[in-house]
Amino acid sequence: MDEITFQGSEAAGQKTSAEVLFSALAAHGIDYFFCNPGTDFAPVVEALARGQAQGTPAPRPIVVPHENCAVAMAHGVYMVSGRPQAVMVHVNVGTGNAINAIIDAQRDQTPVLLMAGRTPLTEAGLPGARNRPIHWAQEMFDQAGMLREIVKWDYELRLPMQTADVVTRAVEVMMTAPRGPVYLTLPREVLAGATPASNAPITARAAPATAWPDPAAAAQLAQWIAAAERPLIITSAAGRSAAGMTALARVAERFALPVVSFAARFVCLPTSHPMNLGSQPHQLLLESDLVIVLDCDAPWFPSMEAPPPGCRVVHIGVDPAYTRYPIRSFPSDLSITAETVAALEAIEAALDQRHAADEPRIAARRARLAERRAQWQARIAAEGDKAAKAPTIKPEYLSRCISDAAGLDAIIVNEYPLRADHVRREQPGTFFGLSSAGGLGWGLGAALGAKLAAPDRLVVATLGDGAYVFANPTACHWTAQVQTLPVLTVIFNNQLYGAVRNSTLGMYAAGAAAKDGGRLLADLTPSPAYEKLVEASGGYGERVERPADLPAALQRAIAVVTREKRQALLNVLCDY
């Protein structure tokens, strides 16, 4: 048996593990290698340099000066392109910085291959052995333990010859439904070690097909839909794919099924669709006799509202029980494991078998819902008109102005503040929202990733001022400048943590904390001149305080982004 060594790759035909790593990533369709490097990256740097000199295919390396931004960029590329990406960070400390964004990716079913160096295994004797003080202090007994609960798979590369197979396994796992991030640690000596010469190409494995909906369950749901007087679909992620949005639009229209996009993270239904009933389920939920929860982890808040007694509840998704959530107690009369498109097509086929008999009921429901939708539209319009006339900038007015200025083709990446009912979105893939995990600092990095994936599209990041600070804006704006990623950032600056204040007032509306408007521990005054931060990286910044100035300011900023190809930021003082 040949002796296993960790020698360099000077022998003819051999490559280092790091070189094979990049070949394997490229073979699996990974476009970008987002990284925040450290002392563990020496073999990685050498492998990239050799590959560039030799013209070897590899993902494009992108240095990002903060891990949260790096993972968010990978997330942003995937949500636009559907192609998984790779991130590498520096040992345990870099992993710690990346955890927040990995939690967002996990709850959003986003496949990201997160790699991290590992403290060198050896103290002497091998290329890559320890040669810095941190190499003792940074070693952990279980580095992956920091994030094992939130990744689908973790592994440490042990031998150079494993490299291609380990990457293949990582991609296979993260692309299997429900998709999600995985974690791979890479000791420096192993990355520097030689792999045997091989002429065999690196090939990806097909991910297992997602579960097909049980025909009996689809038939049962079709029967319940046919019998229902007041059905309701609640979704937050049916528009995860264009096909999902298209299928939902078709089925909802054909069978007069109202849709509420609650805490939506995608365009689940076009704004103009006749069955689009907005973003809040409250009144419809209280009247329903059948609720279909479609790819939605929290369809309502049980402490505040619930379906009426006797209402049937159905959950549909690749993991409709959300088994990785420790507690989730929504009622369920039927649960269907399937992706949105497959489930809707099966339900549609079952409904088609009885469509003629049900047509009078569907027509009556369609007429009622048309009136209901008209009432909702009138209410939203009145709310927007009132906001437009206010002496200060309101979020409803700002949302409407962004929608008008950006147009229907723009990609909007929202980290909380945008008012969805005041933003017209007609096409799939033109709106993306923060993961339901709510790990702040995602939006600006995700917008940069979206711009990478769609360089010819206008990309707008809408952020609260707290979310902007969490985004490590200096790192984000530097990356945007270096990589030529002109995005427009709009800060809804209310000079406080809105979620903290609203949560406090929601529990203690008449309490002591309410006497100052719930600002205790939420106050972010004095507000920095955020518009100056983008200028430090060659961008355009502007502060906007008056409603009358807002439309023109948006046009100026968009012109900078689209014509001058520079990033821009509007710091909008917003009253809410």
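Colleague: What should I know about the model before I start?

Modeller: It is predicted, so local features need pLDDT of at least 70, side-chain atom pairs count only at pLDDT 80 or more, and totals for chains, interfaces and linings use all residues. Residues are numbered from 1 along each chain as its sequence is written, and side-chain values use heavy atoms, with hydrogens and water left out.

Colleague: How do α3 and α14 cross?

Modeller: Two packed helices are described by the angle between their axes and the distance between the axes. Here the axes of α3 (residues 67-81) and α14 (residues 443-453) come within 6 Å and cross at roughly 45 degrees. That makes α3 oblique to α14. Oblique is what remains after roughly parallel (under 35 degrees), roughly antiparallel (over 145) and roughly perpendicular (65 to 115). The crossing is right-handed: the near helix is turned clockwise from the far one by less than a right angle.

Colleague: Which residues of α3 and α14 meet?

Modeller: Contact means heavy atoms within 4.5 Å. On α3, they include C69, A72, M73 and G76. On α14, G445, A446, L448 and G449 are among them. By class, the contact has eleven nonpolar, four polar and no charged residues. Gly counts as polar in that scheme.

Colleague: What is the strand order of the open sheet?

Modeller: Its six strands run β3-β2-β4-β5-β7-β6, with parallel pairing. Two strands pair if DSSP finds at least two bridges between them. The edges are β3 and β6 (154-156), each pairing on one side only. The twist averages 20 degrees from one strand to the next.

Colleague: Which way do the side chains of β2 point?

Modeller: In a regular strand the side chains alternate between the two faces of the sheet. In β2 (residues 32-35), Y32 and F34 point one way, F33 and C35 the other, and all are buried. Buried means under 20% relative accessible area, with a 1.4 Å probe and protein chains only. Four bridges join β2 to the parallel β3 (residues 60-63). F33 has P61 as its bridge partner there.

Colleague: Is M88 buried or exposed?

Modeller: M88 counts as buried because its relative accessibility is 0%. M88 lies in β4 (residues 85-89). Setting aside residues up to four places away in sequence, its contacts include F33, F34, C35, M115 and L186. M88 and V63 are 25 residues apart in sequence and 9.8 Å apart in space, C-alpha to C-alpha.

Technical notes:
Axes are lines fitted to C-alpha atoms, for helices over the stretch in contact, and angles run from 0 to 180 degrees between N-to-C directions. Helices (H or I, at least four residues) and strands (E, at least two) are DSSP runs, numbered from the N terminus. Buried means under 20% relative accessible area, exposed over 50%, partly exposed in between (1.4 Å probe, protein chains only).
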